Structure formats: structure tokens, C-alpha cells
Amino acid sequence: LAVETLSDLHRMGFARKRIQISTVAPSPAQILELEGLRCGLVWSVHSASDFLRRQLVPTSRYSMVELRNAFAQLLRSGNGPDRFMVAVVM
């Protein structure tokens, strides 16, 4: 995983608390695969409107509600990312 490479003292040596992974959240299943992630996670929303989001991110197949629920499940698991942020492009 890139986080391990970036935080490895023999490679880049970044502190995990300084690393943020940004994702457009391709699917609920892929969100749940981030369990155990030991750094920050940023959900790049692009738009709160499913219609506009699908225009901006043509690969979007899941609704904002489905993705939000997967992020909520990940965070409630107790083994999610250290930090979570939602980024919206305006």
C-alpha cells in the first residue's frame, strides 16, 4: 500500500498523521476494504447532487447515500481511518 511506502523510515519517512488518502469512492465495497487504514481519508465529493456528480465523475455508479452509508459503516467499525474529511468542489 502507498501509505506503508510513504511512512517507511527507510523510504519517504512521512508521519502517518500527515498522510491523507483522497478518493472519489468508486463503490461501497471498495470503501469497506479501507478498514485498518492508519492515516487520514478524504472523500472527494465533487457534487452533492447525484445527477451532477455523474456528469463530473462519469465512472460514478453508486448514489451519494450508498457511499455515505459505506463510509459511516467503516467509521463505526472502530478500525477505520485515523481522520475523515469530506471535500466538496465549489
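Predicted model: local features only at pLDDT ≥ 70, side-chain atom pairs only at ≥ 80, totals over all residues.
Helices and strands are taken here as DSSP runs, numbered from the N terminus. The backbone of Ala25 stands out for a phi near 60°, a positive value in a residue that is not glycine. Ala25 is also buried, because its relative accessibility is 3% and the cut-off for a buried residue is under 20%.

A positive phi is found at His46 too, where the angle is near 70°, again in a residue other than glycine. This histidine belongs to the loop between strand 2 (40-44) and helix 3 (50-56). His46 is partly exposed, its relative accessible area being 25%.

Turning to charged side chains, a search of the whole structure gives two salt bridges. One of them pairs Asp8 with Arg11, with 3.9 Å between the closest N and O atoms. Within this pair, Asp8 is partly exposed at a relative accessible area of 24%, while Arg11 counts as exposed at 54% relative accessibility.

Arg38 and Asp82 also form a salt bridge, and here the closest N and O atoms are 2.8 Å apart. Arg38 lies in the loop between helix 2 and strand 2, and Asp82 in the loop between helix 4 (64-76) and strand 3 (83-87), so this pair ties together parts that are 44 residues apart in sequence. Arg38 is partly exposed, with a relative accessible area of 31%, and Asp82 is likewise partly exposed, with a value of 41%.

Methods:
Residues numbered from 1 in each chain as written. Heavy atoms only, no water. Buried < 20%, exposed > 50% of the residue type's maximum accessible area, 1.4 Å probe, protein only. Helix = DSSP H or I, 4+ residues; strand = E, 2+ residues; numbered from the N terminus. Salt bridge = Lys/Arg side-chain N within 4 Å of Asp/Glu carboxyl O.
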